[in-house]
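Please open the model in your viewer and keep the sequence panel beside it.

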Amino acid sequence: MTATDAARTNLFGLTPAELEAFVVGLGEKPYRARQLLTWIYKRWVGDFDAMTDLGRELRARLAAVAELRVPEVVAEHVSADGTRKWLLRAGRSDGLEQAIETVFIPEPGRGTLCISSQVGCALDCSFCSTGAQGFNRNLDTAEIVGQVWLANQRLGSGPGGERAVTNVVLMGMGEPLANYRNVLPALQLLLEDRAFDLSRRRVTLSTSGLVPQIYRLAEDTNVALAVSLHAPNDALRDQLVPINRRHPIAELLAACWHYLEAQNGRSITFEYVLLDGVNDQPAHARELAVLLAGRDAKVNLIPFNAFPGTRYRRSAPAAIEAFRDYLNGRGVTATVRRTRGDDIDAACGQLAGRVHDRTTVRLGTKMVALEVET
Ligand code: SAH
Ligand code: SF4
């Protein structure tokens, strides 16, 4: 990193108010910030030189003191079903230990982008390959929203000028609530009409259950919440999601219902990865139905995606269907998440595998964690 690079302000991390303060600090009029916002977030232009109405002199000054830097694309893979996956390098080091992934899932009428919030994760859920990878670092706000900007810019807009990314889910790498400081301003930028301008029901944060931060989130924003439950009792959840030992199910659910009430939300999505013989038995479905019946809750059943070294297996299709049908029969809406982009999973894994094994594992298992209802 050169001294000049370090001194430049990355405008992607700034809220509209901060951007205005920044241009005023340069001795410019506040309306310059509005022009910049339009170029960046309505026209997806990331090069100051192309921002023609700013004036030559201001463009040169911006290039000297500011930058619009997004994570660098290391590889792009497109699946037969249209799912697109980018391997990105956050930070400036050459190694793939800084690698994150972002996945775009096109569906009729919407495009969902699954973004990462950390490089790795410290929470060590036993069925998640991040457990093997461990925690590297938090992404900063610019790196988090930079994934969304990059996707919109690369995918271009539709025939009516509509943007490619209509929904964002924080279900990629990392635990977003463990990086609250950088994730909250990122959420605000995603909702901000002068920036990404997404509606709050189209931004979903997924958490493994950091209870104090769920209460904080209820104060600070109103995005949709998904919670990785994965087990209907504490004994089992303690094994699968170790953070449960600190914040058991009863506390977690209380925080969820509080969030819904505080935010006037429609429902909470509970993610439940089905592990053969571990949490997929009729007794588990019964226990889960008791926890959630009568609540504004949906269950998203995720077929487990195996990775090298894991002790778990994906449940049989019949077991998955029976689990789903039982919940629906008890009035708890449950859907099974489709796996998308299977074919590029392998390709991407091979690519990263030449450089960094653990990343391979991680990148190869997260394709399932993508689809969420709006
Ligand atoms: N840390 C957050 C968000 C990222 S994980 C969380 O845990 O919610 C996103 C989802 O992927 C979670 O529901 C997680 O349980 C699921 N997941 C992780 N590893 C998986 C695997 N091997 N197979 C299927 N789902 C997995
Ligand atoms: Fe982290 Fe989520 Fe994986 Fe658990 S499931 S280790 S919280 S990324």
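In which loop is tryptophan 44 found? Select tryptophan 44, and you will be in the loop between α3 and α4, where helices (H or I, at least four residues) and strands (E, at least two) are DSSP runs, numbered from the N terminus. What you have open is a predicted model, in which local features need pLDDT of at least 70, side-chain atom pairs count only at pLDDT 80 or more, and totals for chains, interfaces and linings use all residues. Residues are numbered from 1 along each chain as its sequence is written, chains are lettered from A and ligands numbered from 1 in the order in which they are written, and side-chain values use heavy atoms, with hydrogens and water left out.

Stay with tryptophan 44 and look at its backbone: phi is near 55°, a positive value in a residue other than glycine. Most residues other than glycine have a negative phi. Tryptophan 44 is also buried, with a relative accessible area of 12%; buried means under 20% relative accessible area, exposed over 50%, and partly exposed in between (1.4 Å probe, protein chains only).

Next, select helix α3, residues 31–41, where eight of the eleven residues are buried. Among them are Leu36, Leu37, Trp39 and Ile40.

Which atoms of the protein lie 3.0 Å and 3.2 Å from a nitrogen atom of ligand 1? At 3.0 Å there is a polar backbone atom of glycine 174, and at 3.2 Å an N or O atom in the side chain of glutamate 175. The protein covers 97% of the 540 Å² of accessible area that ligand 1 has on its own, as computed by the Shrake-Rupley method with a 1.4 Å probe.

Histidine 230 lies in the loop between β11 (224–228) and α9 (234–240), and its phi is near 70°, a positive value in a residue other than glycine. Is histidine 230 buried or exposed? Histidine 230 is buried, with a relative accessible area of 4%.

For a contrast, go to glycine 309, in the loop between β13 (297–303) and α12 (317–329), which at 82% relative accessibility counts as exposed. Its C-alpha atom is separated by 9.1 Å from that of serine 129, 180 residues apart along the chain.

Finally, colour the model by pLDDT, the predictor's confidence in each residue, from 0 to 100. The mean for the protein is 87, and 87% of its residues reach 70 or more. Over residues 345–374, however, the pLDDT is below 50.

Technical notes: Contact = heavy atoms within 4.5 Å. Polar contact = N/O pair within 3.5 Å; in protein donor to acceptor, adjacent residues only side chain to side chain.
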